[in-house]
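Here are my notes on this one, in the order I'd go through them with the viewer open. Have a look yourself before reading on.

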Amino acid sequence: MARISCSHVCKSYGPLEVVKDFNLEVEDHEFVVFLGPSGCGKSTILRMVAGLEDISGGTISIDGKVVNDLLPRERGVAMVFQNYALYPHMSVFANIAFGLKRMRVPREDIERRVHEVSAILGLEALLERKPAQLSGGQQQRVAIARAMIKTPAVFLFDEPLSNLDAKLRSHMRVEIARLHKRLKTTTIYVTHDQLEAMTLADRIVVLRAGLIEQVGTPAEIYGFPRSRFVADFVGSPRMNLLDVTVGEAPDNKWALSTGHETFLVERGRFDLHRGMRAVLGIRPANLKSTSPDIRLNGLSGIVDLVEYLGDGVLLTIALPGEPARQVTALVPAEAAPVAGTVVGFGTPPEAIHVFDAETGKSCRSAYLGAAEVGQSMRDAS
Amino acid sequence: MSSRGRGKWVAKSAVALAAAIAVIPALWTLLNAFKNRVDLVTPTPLLIFHPTLDNILYVLGRESVTAGLINSILVSGASVLIGMVLGLPAAYAVARYPIKRADDIQFFVLSLRFLPPVAVAIPLMVIWLDLGLYDSRVALIATYTLLTLSSIIWLAVPAFKRVPKEVEEAAKVDGYGPYAIFFLIALPVASRSLIGAVAFSFVLVWNEFLIALMLTTSDAKTLPIVASELTQLGRDVPWGILNASVILLSLPPLLFIGILSGFLNSVIKKKA
């Protein structure tokens with residue numbers, strides 16, 4: 001078990017800086033997910049922690065020991081790769097045991113531990129097979145077994161599920177969550193899938209172009225995105241974003257106007273000024289069906305597309321005005337209108353996000369505590 | 001018959017014809033190796049005859065052939081072995097460790113093979129004469145090692161590049177150092193292609209004629225040189241013996257071609 005501490009970590013390939021001044025403390029037992037689009041540097045940071053990539057600047061320490069110049073084996077880490085990276089010429093048993101052999105673990109111990117680990121992951125029947133004879137899910141479980149058996153201080157996962165099909169992916173996600181609950185090993189998990197991040201993480205680190213956009217619990221990241229980028233990247237279906245101009249309204253409120261719709265929010269919640277250009281965000285689930293002639297804190301338009309999702313239906317609504325604007329709304333399946341209908345949707349003012357149009361940063365006045373996060377989650381549901 | 005069916009039929013016959021052109025002379029040589037002189041010189045070619053081992057035994061019994069065979073095996077074997085021991089790690093280094101001039105090194109290695117053998121042989125002849133090693137197995141092994149080294153490096157670089165990098169990284173995280181990764185991971189994973197590369201370079205030096213001709217006169221003569229001399233026995237060509245020597249000469253490379261085709265298959269499959 002170990003803490004991981006990254007301070008001022010940089011990575012550059014020649015003039016190209018892929019990671020810039022990365023600072024993060026990962027607590028003991030914590031499950032941290034690095035989330036970001038491809039090329040944001042998340043895998044590079046993971047590989048620097050693993051010792052597969054040189055660190056251009058700053059320090060990484062594991063369990064209080066600076067590991068910058070240590071070999072992977074001296075760091076007490078185990079890693080699961082995206083394409084499994086099993087040794088193709090070895091049996092499943094030999095694959096799992098390979099790391100222990102290097103540690104000169106006695107033969108009987110190796111046997112016993114391989115059987116223990118393979119029992120946990122349901123691999124006992126496959127021990128004699130070669131990796132090529134296994135399905136993708138089985139191969140990934142072997143890769144996890146290979147990492148687990150060394151009882152590492154730190155688990156590193158590099159997009160471990162992205163080669164699997166959707167059904168297997170959710171299954172393996174549950175297995176990884178269960179495994180972490182059981183082993184409590186400090187874990188860093190890299191993914192570009194926000195659903196994986198939300199479901200697995202104690203804390204999510206959202207990365208963009210080598211910089212941290214936001215660090216927080218899944219609820220914080222979802223409920224209080226610190227930037228337009230985070231708001232757009234996290235949450236499915238995606239958050240609706242509308243360009244607005246800020247105006248003053250009576251009762252100590254800001255009026256956010258798109259030119260067609262007007263939204264009123266408490267002045268205390270957002271740092272805005274009159275005439276400022278901003279981006280307003282509303283999650284599709286926070287749009288509630290109402291009368292089509294809604295004037296305030298709502299919008300009306302024509303249903304353009306109806307996507308049936310099962311329990312719910314995702315509506316794409318064309319809003320009036322030029323250039324063409326559209327929003328999506330998630331509604332219960334039984335209440336779904338047909339395409340072409342004129343509809344109106346309202347939103348509770350608490351569910352409105354506002355971002356600076358220039359910087360993309362959230363305009364929220366102060367960083368909100370966990371209590372408010374919980375409140376907003378209840379509001380949203 | 002549809003036009004498509006006819007097209008298929010034409011294509012198949014063309015392939016069969018091409019195969020026959022390649023295979024029939026070889027088969028004929030094989031048959032002739034077992035024929036008596038009478039059966040060989042008869043104006044009507046015979047498919048059914050009393051086979052004899054005389055030709056083969058004669059060829060094997062000749063001292064020059066035995067000496068040539070031993071020379072060939074020693075020279076080819078040693079040069080391939082040295083080429084492997086030096087070439088495989090070199091190829092791995094070029095494939096895995098990004099050094100600035102890796103491409104240049106690879107091209108230089110191949111360019112050794114662009115040179116006409118004569119251009120290589122003449123200076124080498126002078127060198128070996130000066131060193132007093134002319135017409136020795138050592139000289140021939142050293143010379144052939146240049147050939148095997150370049151072909152092994154050239155063929156092994158892509159073979160090592162095809163070993164997934166993550167697999168080696170997994171071994172690194174599992175605690176293994178670069179040498180262990182080379183021997184325990186890279187070599188076995190790439191082995192199929194590497195065996196082919198080695199077999200190919202063996203065939204190359206086994207069949208090599210020109211350099212051997214220029215660097216040997218008696219002691220170190222290889223089998224191709226000895227076989228070619230059998231044709232110089234005067235007007236009265238000993239056809240049976242000639243055929244038998246051709247067959248004996250072809251056997252080792254043929255065995256290797258079995259392995260080689262496996263190698264080519266793996267290359268083609270990987271590309272597809």
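How are α4(B) and α9(B) oriented to each other: parallel, antiparallel, perpendicular or oblique? Keep that in mind for point 1, and bear in mind throughout that this is a predicted model.

1. The helix pair in chain B. Helix α4 of chain B covers residues 63–96, and it packs against α9(B) at an angle of about 140°, with 10 Å between the two axes. Angles over 145 degrees would count as roughly antiparallel and 65 to 115 as roughly perpendicular, so α4(B) and α9(B) are oblique to each other. As for handedness, the crossing of α4(B) and α9(B) is right-handed.

2. What sits between those helices. From α4(B), the contact uses B:S72, B:S76, B:S79, B:V80, B:G83, B:M84, B:L88, B:P89 and B:Y92. On the α9(B) side you'll find B:F182, B:A186, B:L194, B:V198, B:S201, B:F202, B:V205 and B:W206. Sorted by class, this contact has 12 nonpolar and 5 polar residues, with no charged ones.

3. Where chain B meets chain A. Chain A puts 17 residues into the contact and chain B puts in 13. On the chain B side, α8 (165–173) and α9 (178–206) each supply at least two residues. The most comes from α8(B), with 6 residues. Charge does turn up here: the side of chain B that touches chain A has 4 charged residues, along with 8 nonpolar and 1 polar.

4. The two domains of chain A. Domain 1 of chain A brings 13 residues to the contact between them, and domain 2 of chain A brings 16. For the domain 1 side, look at α6 (194–200), β9 (203–208), β10 (211–216) and α7 (218–223) of chain A, the elements that give two or more residues. By class, that side of domain 1 has 6 nonpolar, 3 polar and 4 charged residues.

5. A loop glycine in chain B. Is B:G132 buried or exposed? You'll find B:G132 in the loop between α6 (117–131) and α7 (137–161) of chain B. B:G132 has 8 C-beta neighbours inside 10 Å, so it counts as exposed; the cut-off for that is 12 or fewer.

Methods:
Residues are numbered from 1 along each chain as its sequence is written. Chains are lettered from A and ligands numbered from 1 in the order in which they are written. This is a predicted model: local features need pLDDT of at least 70, side-chain atom pairs count only at pLDDT 80 or more; totals for chains, interfaces and linings use all residues. Two residues are in contact if their C-beta atoms, placed from the backbone, lie within 7 Å. Helices (H or I, at least four residues) and strands (E, at least two) are DSSP runs, numbered from the N terminus. Ala, Val, Leu, Ile, Met, Phe, Trp, Tyr, Cys and Pro count as nonpolar, Asp, Glu, Lys and Arg as charged, and the others, Gly among them, as polar. Axes are lines fitted to C-alpha atoms, for helices over the stretch in contact, and angles run from 0 to 180 degrees between N-to-C directions. Angles under 35 degrees count as roughly parallel, over 145 as roughly antiparallel, 65 to 115 as roughly perpendicular and the rest as oblique. A crossing is left-handed if the near helix is turned anticlockwise from the far one by less than a right angle, and right-handed if clockwise. A residue is buried if 20 or more other C-beta atoms lie within 10 Å of its own, exposed if 12 or fewer, and partly exposed in between; C-beta atoms are placed from the backbone.
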